[in-house]
Amino acid sequence: MTNTIPEMEHCHVMQKNDIEAYAECFAHAFEGYSLFEYFSGRKYDVRKMMLFWKVLLTASREQSFCIGDAYYPNTVALFYPPDYKGAGFLQYIKVGGWKIMFRFGLRSTAQMLRFEALAEEIKAKYAPEKCWYLYGYATRPEFRNQGCGSRILKPILDYFDATGQACYLETLKEENVSLYGHYGFSLAESSRVPGTDMTLYAMVRNGR
């Protein structure tokens with residue numbers, strides 16, 4: 001079992017200097033996504049979400065694998081390896097986590113923490129012990145349905161197959177269930193997010 005992914009042809013692995021561009025891509029690509037509207041206070045705020053992604057990518061960069069289709073990406077994917085433990089509280093605060101609490105407010109911050117706890121609880125039930133976690137995967141709206149996402153995701157999934165590794169993800173869009181099914185993911189559970197009208201779909205792709 002390996003906890004690294006080799007660089008893929010036609011893909012760019014995010015480096016420290018790329019964080020701003022990758023955060024910007026995530027923020028625009030997820031515009032209108034129900035979870036992040038929920039975090040933003042029901043009205044999606046691109047600047048808030050850029051801060052969210054910048055802090056997350058900075059805190060996790062040395063332990064994660066983030067890849068895009070270019071230095072300034074139009075499609076991005078963030079993977080956490082099987083042994084990912086997350087950034088410690090002090091590290092998170094150091095790289096700007098305090099700004100999240102200030103910009104989003106205590107209510108939204110509490111909503112983020114509750115959702116993360118729910119997601120971790122469901123993931124613990126279905127993800128194999130040694131399993132990659134596809135935390136975020138998105139393409140800017142104007143570049144969708146052009147194969148951009150497949151060009152970065154398929155080579156990584158092929159690598160997982162070649163090395164017998166599993167992958168787990170969740171989505172809150174029902175139409176994404178069939179999309180990920182096309183890539184070999186199977187629906188493990190659909191669960192209503194408490195206090196919302198959102199449904200979390202947990203999906204697993206076992207190593208082949």
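Is Tyr135 buried or exposed? With a relative accessibility of 18%, Tyr135 counts as buried, because the cut-off for buried is under 20%. The model discussed here is predicted.

## Aromatic pairs and charges over rings

Tyr135 pairs with Tyr133. The structure holds 25 aromatic pairs. In the pair of Tyr133 and Tyr135 the ring centres are 5.8 Å apart and the planes stand at 80 degrees, so the arrangement is edge-to-face. Tyr133 has a relative accessibility of 6% and therefore counts as buried.

The ring of Tyr133 also has a charge over it: the charged end of Lys123 sits 5.1 Å from the ring centre. A second case involves Phe104, whose face lies under Lys48 at 5.5 Å from the ring centre.

## Lys48

Lys48 belongs to helix H3, residues 46-60. Lys48 is buried but has no salt bridge. Asp45 is the nearest side chain of opposite charge, at 4.9 Å, and a salt bridge needs a nitrogen-to-oxygen distance within 4 Å. Leaving aside residues up to four places away in sequence, Lys48 touches Ser40, Arg103 and Phe104.

## Salt bridges

Side chains of opposite charge can pair when their charged atoms come close. The whole structure contains 7 salt bridges. One of them joins Glu189 and Lys125, at 2.9 Å from N to O. Glu189 is in strand S6 and Lys125 in helix H4 (residues 89-126), so this pair ties together parts 64 residues apart in sequence. Glu189, at 16% relative accessibility, counts as buried.

Asp161 and Arg205 form another salt bridge, at 2.8 Å from N to O. This pair links distant parts of the chain, with Asp161 in helix H5 (residues 148-162) and Arg205 in strand S7, 44 residues apart. Arg205 counts as buried, with a relative accessibility of 3%. In a further salt bridge, between Lys173 and Glu175, the closest N and O atoms are 3.8 Å apart. Lys173 is partly exposed, with a relative accessible area of 32%.

## Helix H6

Helix H6 spans residues 174-182, and its residues Asn176, Val177 and Tyr180 are buried. Viewed down the axis of H6, the buried residues fall within an arc of 115 degrees, so they line one face of the helix. An α-helix has 3.6 residues a turn, so residues three or four places apart point the same way. Ser178 and His182, on the other side of H6, are exposed.

The cover over the buried residues of H6 includes strands S4 (131-139), S5 (166-171), S6 (186-192) and S7 (199-205). After H6 comes Gly184, with a positive phi near 100 degrees.

Technical notes
Residues are numbered from 1 along each chain as its sequence is written. This is a predicted model: local features need pLDDT of at least 70, side-chain atom pairs count only at pLDDT 80 or more; totals for chains, interfaces and linings use all residues. Side-chain values use heavy atoms; hydrogens and water are left out. Rings of Phe, Tyr and Trp (its six-membered ring) pair if their centres lie within 6.5 Å; planes under 30 degrees apart count as stacked, over 60 as edge-to-face and the rest as tilted. Buried means under 20% relative accessible area, exposed over 50%, partly exposed in between (1.4 Å probe, protein chains only). A charge sits over a ring if NZ of Lys or CZ of Arg is within 6 Å of the ring centre and within 35 degrees of the ring normal. Helices (H or I, at least four residues) and strands (E, at least two) are DSSP runs, numbered from the N terminus. The arc is that of the directions from the helix axis to the C-beta atoms. Contact means heavy atoms within 4.5 Å. Lys and Arg count as positive and Asp and Glu as negative; His and the chain ends are not counted.
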